[in-house]
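User: I'd like to go through this one with you, a topic at a time. Could you start with the terms we need for aromatic rings?

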Amino acid sequence: GVEWADYVGEIERMKSITKADLVKFANRFYGENYVVAYKHIGEDPNRHKVEKPKITPIVVNRDVESEFVTEFKKMESSAMTPKFLDFEKDISKAKLSSGIPFNYVHNKYNNTFTLTYIYDIGTFHDKEMALAFQYLPLLGTDKYTAEELQKEMYALGLSFNVSAGDKRSSVSLSGLEESLEEGMKLLEHIISSVEPDQQKYDEFVNDILKKRMDNKRNKRTILFRGLVSRAKFGENSPFTYNFSEIELKSMDVNKLASKVHSMTGYDHRVFYYGSKEMDEAKKIVEKHHRTEEQLAQVGDPVEFPERDINEGEIYFADYDMVQAEIILVAKDEKFNKELLPYSLVFNEYFGSGLSSIVFQEIREQKALAYSAYSVFRAPEEKDDSHYIYAYVGTQADKLGDAIKEIKRLLNDMPEVEEQFQGSKESAIKKLETDWITKASIYWSFESAKRRGLDYDVRKDNYDVVKGMEMEDLRNFFNDHIKGKDYALCVIGSKDNVDFDVLGEYGTVKELSLEEIFNY
């Protein structure tokens, strides 16, 4: 109901709005006409409870279809031509005069840029360096306060971001192409001249501790990250590799500032995405990017070996909730690119979505779950393993039946040809429409490198999926899903969960929040 001229002219009309207009608007509409909602932790003892109705299992009639579906299938849809990357053509590579790799992707859409310094340093290499990266945006320099830096960036149409991961960290500058040089001067000034601020650090630590408290109240974090990490790695895992509260509060802020200053002395690489031609952008980066003559190499990261998962392992966390949730976890072989196309179709057919086998069998047919899915997940690193996950969210008194049913499905995959063909077609469509563009081209290259690949593996996936038959999926299931040793990760209320039933599947190990989080 909006006129086209009004729609496309919205920004121009916004330009004409004055401060006086906004004040008049606020005074007119923002008065006493509001409601305040307060969120409290805990249960209202007076809340009304509804009796659970009896649910009768249904027969899943996968072999029939409605008149609507029949007519819908007759509608033609044009197939898109898939577009796969060629890293050699899509990414230009050079070296700065300092010897640092310079990677370039042309922005043909607008006059904005993103400049990123990428360091192969993360929490697993140096926890203090990773903490310093996170602390950096809060600090000022010998020339600007933190607030003044934000204003300078804003005036230039720029934003400054940092990222600190387990094995990689980055600093990036984004915004208007015309502000690239001024922005680089500011960025380099920040890195070289940032000054510690104890008050800002104390506030920073308080935020970390607040997030940690929130994590302990978040059932998804407890189950999906905490218990699953325990099943995969044991007591010492990436999830528990944290500074203690005492370590955080006693950290020397001067040391953290020095860590930031030392960034110029570590080996790294530069990625530029923008509308400037490569040679021009490279000259500007060479002019302003400061590095030491001798760059230090990063040491080996702390290793967290994946443990062997044994059948009968059950990890339980007590949580005040009416339902119970469970994840089954099994380990498969190390990263193997040959498994990727099969996992795409398997996840569509068996594991996820309203038409998947798991959802239909457990929720729709037997009414054993609010939600259910299974996924065969590929690792991000070449030396890590593929894992199978199966999730069921159910009523606590149905937990035993839900476990029994999901384990049955993980050992006996129903074969429905029509459903397989639909899943195969869905996987093909996703590959055809998943066009990777803009800066994502380079980040796809980085992801491929971490898996030991030097090309866009989606082309292989596409060719294999197009020729896949039910027999191929069956062989994949028998080799990589069926007969695996599955650990059970369960969250629920101790008052509602029947431990005798749970104990039928193995030995239950109850973990406290302190054991799960290690803080």
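Analyst: Rings of Phe, Tyr and Trp, the last by its six-membered ring, are taken as a pair if their centres lie within 6.5 Å. Please keep in mind that this is a predicted model.

User: Okay, how many aromatic pairs turn up in the whole structure?

Analyst: A search of the whole structure finds 31 aromatic pairs. One of the pairs is formed by F316 and F499, whose ring centres are 5.0 Å apart with the planes at 75°, and because planes over 60 degrees apart count as edge-to-face, that is how this pair is classed.

User: Where do F316 and F499 lie?

Analyst: F316 belongs to strand β7 (residues 313-318) and F499 to helix α21 (residues 499-503), so the pair ties together parts that are 183 residues apart in sequence.

User: And is each of them buried or exposed, or something in between?

Analyst: F316 is buried, with a relative accessible area of 0%, whereas F499 is partly exposed, at 28%.

User: Which residues form an aromatic cluster?

Analyst: One cluster is made up of Y342, F346, F350, F376, F476 and F477.

User: What about charges sitting over rings?

Analyst: The charged end of R212 sits over the ring of Y519, at 4.4 Å from the ring centre, and the charged end of R220 sits over the ring of F224, at 4.2 Å from its centre.

User: Switching to the sheet, what's the strand order?

Analyst: There is an open sheet of 6 strands in the order β1-β2-β6-β3-β5-β4, and its pairing is mixed. The edges are taken by β1 (92-95) and β4 (158-164), each of which has a single partner strand, so one side of each is left without a neighbour in the sheet. From one strand to the next, the twist averages 15°.

User: How does β4 pair with β5?

Analyst: β4 and β5 (residues 169-176) pair in the antiparallel sense over 7 bridges, and S159 stands opposite S174 in β5.

User: Which helix packs on the sheet?

Analyst: Helix α6 (residues 127-135) packs on the sheet, where it touches β3 (112-119), β4 and β5, and the direction of α6 makes about 155° with that of β4.

User: How does α6 sit against α12?

Analyst: α6 packs against helix α12 (residues 253-261) at an angle of about 85°, with their axes 9 Å apart. Angles of 65 to 115 degrees count as roughly perpendicular, which means that α6 is roughly perpendicular to α12. The contact is made by E128, M129, L131, A132 and Y135 on the α6 side, and by V253, K255, L256, K259 and V260 on the α12 side.

User: Where's T123, and what is it in contact with?

Analyst: T123 is found in the loop between β3 and α6, and it counts as buried at 17% relative accessibility. Leaving aside neighbours within four places in sequence, T123 is in contact with A130, G165, D166 and Y241.

User: Last one, E380: buried or exposed?

Analyst: E380 is exposed, with a relative accessible area of 60%, and this residue lies in the loop between β9 (371-377) and β10 (385-395). Setting aside neighbours within four places in sequence, E380 is in contact with S447, R450 and R451.

User: How far apart are E380 and F204?

Analyst: E380 and F204 are 30 Å apart in space, C-alpha to C-alpha, and 176 residues apart in sequence.

How values were computed
Residues numbered from 1 in each chain as written. Predicted model: local features only at pLDDT ≥ 70, side-chain atom pairs only at ≥ 80, totals over all residues. Heavy atoms only, no water. Pairing = 2+ DSSP bridges. Helix = DSSP H or I, 4+ residues; strand = E, 2+ residues; numbered from the N terminus. Axes fitted to C-alpha atoms, helices over the stretch in contact; angles between N-to-C directions. Contact = heavy atoms within 4.5 Å. Phe/Tyr/Trp six-rings, centres within 6.5 Å; stacked < 30°, edge-to-face > 60°. Buried < 20%, exposed > 50% of the residue type's maximum accessible area, 1.4 Å probe, protein only. Lys NZ or Arg CZ within 6 Å of the ring centre and 35° of its normal. Parallel < 35°, antiparallel > 145°, perpendicular 65-115°, else oblique.
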